Amino acid sequence: MSTTTETQQADVVTKRIIAILARGVGVLFLFSALGKMVALSGFAGTIADLTGFSSNYSFVIALMVIVIELAGGIGFVFRYRVPLLSFLFMVFVSGFIFILVGALVQQKEFVC
């Protein structure tokens, strides 16, 4: 077997693995968004508690997070611009982690 054939086979396997992982991440974000939709007022309240924003502003942020997760989840499932989506969700999740760390440093109590 030639090296070129082995490389091509490895590329095919790699692309299949990336497709499976992208779809898996998409499904995770879809379920996450659905869970937030079911408990929208609780999610908005948690945002208000963690950030100190008003309840109206927190509700709008909660809706925006749900829309972002739904759109990104659908994008991952259908493999639409996966590298760009991956970068955007990295930024999105990093912001969330920054807020959580800030709440932990301030010793805020929160319920997920």
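## Around helix 2

Just past the end of helix 2, Gly-52 adopts a positive phi of about 85°. This is a predicted model, so keep in mind that local features here need pLDDT of at least 70.

Helix 2 itself covers residues 40-51.

## The crossing with helix 3

Two packed helices are described by the angle between their axes and the distance between the axes. For helix 2 and helix 3, the axes come within 8 Å and cross at roughly 115°, and the crossing is right-handed. On the helix 2 side, the contact is built from Leu-40, Phe-43, Ala-44, Ile-47, Ala-48 and Thr-51. Helix 3 answers with Ser-58, Phe-59, Ile-61, Ala-62, Leu-63, Val-65 and Ile-66.

Sorted by type, the residues in this contact of helix 2 with helix 3 come out as 11 nonpolar, 2 polar and no charged. To zoom in on one of them, Ala-44 touches Ser-58, Phe-59 and Ala-62, leaving aside residues up to four places away in sequence.

In soluble globular proteins, nonpolar side chains tend to be buried together. Here the largest nonpolar core has 9 residues: Ala-33, Leu-40, Phe-43, Ala-44, Ile-47, Ile-61, Ala-62, Val-65 and Ile-66. Which elements give two or more residues to this core? Those are helix 2 and helix 3.

There's also a second, separate core of 6 residues, with Phe-29, Phe-76, Val-82 and Phe-89 among them.

## Helix 4

Helix 4 has 24 residues and reaches 34 Å from its first C-alpha to its last, close to the 34 Å expected at 1.5 Å a residue. Its buried residues are Val-82, Leu-85, Phe-89, Leu-100 and Ala-103, and the cover over them includes helix 1, helix 2 and helix 3. Val-82 and Phe-89 turn up again in the second core.

Just after helix 4 there's a positive phi too: Gln-107 takes one of about 55°.

Definitions and conventions: Residues numbered from 1 in each chain as written. Predicted model: local features only at pLDDT ≥ 70, side-chain atom pairs only at ≥ 80, totals over all residues. Heavy atoms only, no water. Helix = DSSP H or I, 4+ residues; strand = E, 2+ residues; numbered from the N terminus. Expected span 1.5 Å × (residues − 1). Axes fitted to C-alpha atoms, helices over the stretch in contact; angles between N-to-C directions. Left-handed = near helix turned anticlockwise from the far one by under 90°. Contact = heavy atoms within 4.5 Å. Nonpolar A, V, L, I, M, F, W, Y, C, P; charged D, E, K, R; others polar. Core = buried A, V, L, I, M, F, W, Y, C linked by side-chain atoms within 4.5 Å. Buried < 20%, exposed > 50% of the residue type's maximum accessible area, 1.4 Å probe, protein only.
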